[in-house]
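Subject: Structure for your files

Hello,

Here is the structure I said I would pass on. Please open it alongside this message; my notes follow below.

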Amino acid sequence: MITDGPQIIKSDLDQRDYKLFSLPNKMRCLLISDKEADKSAAAIDVHVGSALDPRTHYGAAHFLEHMLFQGTEKYPRENEYDEYLSKNGGYNNAFTSLEDTNYHFDCSNEAFEGALDRLA
């Protein structure tokens, strides 16, 4: 069951639609819809960063950040995610800070579902 979140307060001039909610796994989501946008984008922030690296494996969080770009069980070909985004006018990037690891991308509106599936 998806639970609704608090009401988003926005300017009367803001034509975008917003929805804030939580998934059953307690992941919080913010969806923003802009009918005028020529691209779609997504980001996911994992609240695990380099401050949680084991002393014996400094750099582990940053290393794992890069693993997403090497392939997944569903999309095992190396760099398939990058290639898909490039072919669809997009790009991706990620960063690891002390407390968080963030992944984000943008692409053509038509390719968004496929890009989101690859990120997931």
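Salt bridges

Six salt bridges turn up when the whole structure is searched. One of them joins the side chains of Asp 106 and Lys 39, with 3.7 Å from N to O. Asp 106 belongs to strand E6 (residues 101-108) and Lys 39 to strand E4 (residues 39-46), so this pair ties together parts of the chain that are 67 residues apart in sequence. As background, side chains of opposite charge can pair when their charged atoms come close. Please keep in mind that this is a predicted model.

Overall layout

The chain has three helices and six strands. Read from the N terminus, the order of elements is β-β-β-β-α-α-β-β-α. The C-alpha trace spans about 50 × 35 × 30 Å along its principal axes.

The three-stranded sheet

E4, E6 and E5 form an open sheet in the order E4-E6-E5, with antiparallel pairing. Its edge strands are E4 and E5 (91-96), each of which pairs on one side only. On average, neighbouring strands of this sheet are turned by 10° against each other, if direction is ignored.

On one side of E6, eight bridges join it to E4, and the two strands run antiparallel. Within that pairing, Ala 41 stands opposite Asp 106 of E6. E5 and E6 also pair in the antiparallel sense, over six bridges. Here the bridge partner of Tyr 91 is again Asp 106 in E6. E5 and E6 make a hairpin, with four residues between the two strands.

Helices on the sheet

Helix H1 (residues 60-67) lies across E5 and E6, and runs at about 165° to E5. H3 packs on the sheet as well, where it touches E4 and E6. The direction of H3 makes about 160° with that of E6.

Where H2 meets H3

Helix H2 (residues 80-87) packs with helix H3 (residues 112-119) at an angle of about 165°, and their axes are 10 Å apart. Angles over 145 degrees count as roughly antiparallel, and H2 and H3 are therefore roughly antiparallel to each other. The crossing of H2 past H3 is left-handed. On the H2 side the contact is made by Glu 80, Tyr 81, Tyr 84 and Leu 85, and on the H3 side by Gly 114, Ala 115, Arg 118 and Leu 119. By type, the residues of this contact divide into five nonpolar, one polar and two charged.

The hairpin of E2 and E3

Strands E2 (residues 17-22) and E3 (residues 28-33) pair in the antiparallel sense over six bridges. In this pairing, Leu 20 stands opposite Leu 30 of E3. The hairpin has five residues between its strands, and Lys 26 takes a positive phi near 75° there.

Regards

Conventions. Residues numbered from 1 in each chain as written. Predicted model: local features only at pLDDT ≥ 70, side-chain atom pairs only at ≥ 80, totals over all residues. Heavy atoms only, no water. Axes fitted to C-alpha atoms, helices over the stretch in contact; angles between N-to-C directions. Parallel < 35°, antiparallel > 145°, perpendicular 65-115°, else oblique. Left-handed = near helix turned anticlockwise from the far one by under 90°. Contact = heavy atoms within 4.5 Å. Nonpolar A, V, L, I, M, F, W, Y, C, P; charged D, E, K, R; others polar. Pairing = 2+ DSSP bridges. Salt bridge = Lys/Arg side-chain N within 4 Å of Asp/Glu carboxyl O.
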